[in-house]
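User: Could you take me through this structure and say what stands behind each label you use? I would like to see the cut-offs as well as the values.

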Amino acid sequence: MTTTDNAVEQSALDQSAAATSPTASDSGASASASFRSTSQYSGAGAVTNAARVDALARALLGAVHQVILDHEVTYPEFQTAKKWLMDVGDGGEWPLFLDVFVEHAVEEVASRTQTGTKGTILGPYYLPEQVQLTSPATLPARPDEQGTPLLFRGQVTDTDGTPVPHAVLDIWQADEKGYYSGFAPDIPSGNLRGVVTTDDRGVFEISTIQPAPYQVPTDGPTGALISAAGWHPWRPAHLHLLVSAEGHRTVTTQLYFAGGEYLDSDVAEATKPELILDPTDVGDGTRQVTYDFVLERN
Ligand SMILES: [Fe+2]
């Protein structure tokens, strides 16, 4: 076999693998496109004040300079970092990298003024405008969707305990293999995503499956950093939620599962003890859990 034949065969193998396995570049492209198209998260409240830009830019550059001085960074290390930064941009991985490694600090600042349900990071896998459902609801799933059935129920109230009628739960999650629709091939658009309206007492009941832990993509520059540093790329299993209602502050959060792997070592540092579910088996293989959300009035 010639080198060209080898190259052709390898290319065919790569394409075959890409048809079934998510890649960092697929995920990165989807996350970048989603971020740019979701105006709610791509510019509202942006920094426009020169004094604020000056303060933040000086502080950020100062912190970088201090790392270089403290760790006596060499030219080869600087050039390696420069190439890596270029690769992250070329690979469309900035949403992934920033949401995994930086967003939790921004969320910590936001949560200082939050008195309702604890929030946590949005992450890179949110897609807006999913199917509208009314409670009791079943999230869209493949006919042969694998995974432990999960019945997720609860009530949305305000901070006084008053039910919030017709609150909206925008929910999205990974499947049993840890993959998200819209970011992995061979999963139908909108799978395990839905926008569920509660009843007139804020009560909701959502049938879905229990998601699996997942790795952030490891075959791109973010994965290269994780590997080079000897870290692990895993996130614990979770449900993502945006809980909103007219006249109330939206809560962006995630709910985790008691006893699950990586709860104490989430690569995105986004777990909180208040956000851990402990479902019980109801006997037929279905697990059931109740979690109530509290929204602050605007
Ligand atoms: Fe996630």
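Analyst: Happy to! This is a predicted model, where local features need pLDDT of at least 70, side-chain atom pairs count only at pLDDT 80 or more, and totals for chains, interfaces and linings use all residues. Residues are numbered from 1 along each chain as its sequence is written, and side-chain values use heavy atoms, with hydrogens and water left out.

User: What makes a residue a donor of the iron ion, and which ones are they?

Analyst: A donor is an N, O or S atom within 2.8 Å of the metal (3.2 Å for Na, K and Ca), and sites may look incomplete because water is not among the atoms. Tyr180 (OH), Tyr214 (OH), His238 (NE2) and His240 (NE2) lie 1.9 to 2.1 Å from the iron ion, so they count as its protein donors. Along the sequence their spacing is Y-x33-Y-x23-H-x1-H. Tyrosine 214 sits in strand β7 (residues 214-215) and histidine 240 in strand β9, so this pair ties together parts that are 26 residues apart in sequence. Strands here are DSSP runs of E, at least two residues, and helices are runs of H or I, at least four residues, both numbered from the N terminus.

User: Why is the arrangement around the iron ion called irregular?

Analyst: Four donors count as tetrahedral if all angles lie between 85 and 135 degrees; four count as square planar and six as octahedral if opposite donors are over 155 degrees apart and all others between 65 and 115; anything else is irregular. The 4 donor atoms subtend angles of 89 to 154 degrees, so the arrangement is irregular.

User: How do you know whether tyrosine 214 and histidine 240 are buried or exposed?

Analyst: Buried means under 20% relative accessible area, exposed over 50%, and partly exposed in between (1.4 Å probe, protein chains only). Tyrosine 214 has 5% and histidine 240 has 2%, so both are buried.

User: What makes β10 a mostly covered strand, and which strands pair with it?

Analyst: In strand β10 (residues 251-257), 7 of its 7 residues are buried. Val251, Thr253, Leu255 and Phe257 point one way, while Thr252, Gln254 and Tyr256 point the other way. In a regular strand the side chains alternate between the two faces of the sheet. As for pairing, two strands pair if DSSP finds at least two bridges between them. Strand β9 (residues 238-244) is joined to β10 by 6 bridges and runs antiparallel to it, with leucine 242 bridged to threonine 252. Strand β11 (residues 276-277) pairs with β10 in the parallel sense over 2 bridges, and there leucine 277 is the bridge partner of phenylalanine 257.
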